[in-house]
Amino acid sequence: MAVLSVDDLTVAYGEQTVFSNLSFSINDGDFLIVVGENGVGKTTLVRALLGLIKPKSGTITFPKDTRIGYVPQFRNLDEEYPLSIRDFVALNSRRSHLPWLTKKERHDLNRMIRITDLTKIADRPLGLASGGEKQRAYLAQALLPNPRLLILDESTASLDNEMKYNLLDLVTRFQQNGLSVMFITHDWDLARHYGTRYLHMKADGYETGSIDEIDYLQQEVDG
Ligand SMILES: Nc1ncnc2c1ncn2[C@@H]1O[C@H](COP(=O)(O)OP(=O)(O)OP(=O)(O)O)[C@@H](O)[C@H]1O
Ligand SMILES: [Mg+2]
């Protein structure tokens, strides 16, 4: 079943069209790799999917009540950032209108902090965490409301190789429970290792297909 269907989508900033007539879908359990040159419109696509920019034309369809988790491409957190890792993750935990967390919310929060291996450092300021620790905190925050679709915009770009695989292994544990993933990356090895399908955005169009075609795709892109 599709968790996202994009049909004939055209997005523009003012007069400048970023991409046009884009169609693709993401099904349950898919790990969609999105590749394409800098500036081709990958982050713009994400912003359209999240409802942050209004498409010029076309449709974006989710099943009713689909929750989306999102880890953005860049975040400027300076060392003075006031929240602890726990408080930062908890920003996504409140479902009631109470000013405190319910017992269940606290339980789910602690569980997520444990799964993402943040327990030991949860009370430290997020601003002082390492790059990898920050990424795990972003991921924990995005996954906490139990989304159906997780969008990662180059979330591994600043990590060392081992950390990249750790982070995405973590994501695949949720994938087994029905999470679908859209992963924007320039890393072919990660694409090959985790992807099930790809979307290749190009200046003059796009291609989608099975990850089995990735060697051909890499050749086409890298030349
Ligand atoms: N708010 C905006 N107003 C006008 N143009 C914008 C805006 N945001 C992005 N653009 C332009 O839209 C195009 C697509 O940008 P986008 O950030 O989606 O690219 P991208 O594929 O994510 O690139 P990268 O791989 O570098 O992250 C670029 O030419 C960019 O300059
Ligand atoms: Mg981008």
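Colleague: Which helix gives the most to the shell around ligand 1?

Modeller: Helix α1, residues 42–49, gives the most, with 3 residues; helices are DSSP runs of H or I, at least four residues long. This is a predicted model, where local features need pLDDT of at least 70, side-chain atom pairs count only at pLDDT 80 or more, and totals for chains, interfaces and linings use all residues. Residues are numbered from 1 along each chain as its sequence is written, chains are lettered from A and ligands numbered from 1 in the order written, and side-chain values use heavy atoms, without hydrogens and water.

Colleague: How many residues surround ligand 1?

Modeller: A residue is near if one of its heavy atoms lies within 4 Å. Here 13 residues surround ligand 1, and the closest are Gly39, Lys42, Thr43, Thr44 and Gln73. By class, the shell holds 3 nonpolar, 7 polar (Gly counts here) and 3 charged residues.

Colleague: Where are polar side-chain atoms placed against ligand 1?

Modeller: A polar contact is a pair of N or O atoms within 3.5 Å. Oxygen atoms of ligand 1 lie 2.7 Å from a polar side-chain atom of Lys42, 2.9 Å from a side-chain N or O atom of Thr43 and 2.5 Å from one of Thr44. The protein covers 62% of the 640 Å² of accessible area that ligand 1 has on its own (Shrake-Rupley, 1.4 Å probe).

Colleague: Which residues touch the most other members of the largest nonpolar core?

Modeller: Such a core joins buried nonpolar residues through side-chain atoms within 4.5 Å, buried being under 20% relative accessible area. Leu126 and Leu152 touch the most other members among its 46 residues. Helix α4, residues 131–143, supplies the largest share, 6 residues. Domain 1 (1–66 + 148–223) and domain 2 (76–146) each contribute at least three residues to this core; the bounds come from an automatic or database assignment.

Methods
A polar contact is a pair of N or O atoms within 3.5 Å; within protein, one must be able to donate a hydrogen and the other to accept it, and residues adjacent in sequence count only if both atoms are side-chain atoms. Helices (H or I, at least four residues) and strands (E, at least two) are DSSP runs, numbered from the N terminus. Buried means under 20% relative accessible area, exposed over 50%, partly exposed in between (1.4 Å probe, protein chains only).
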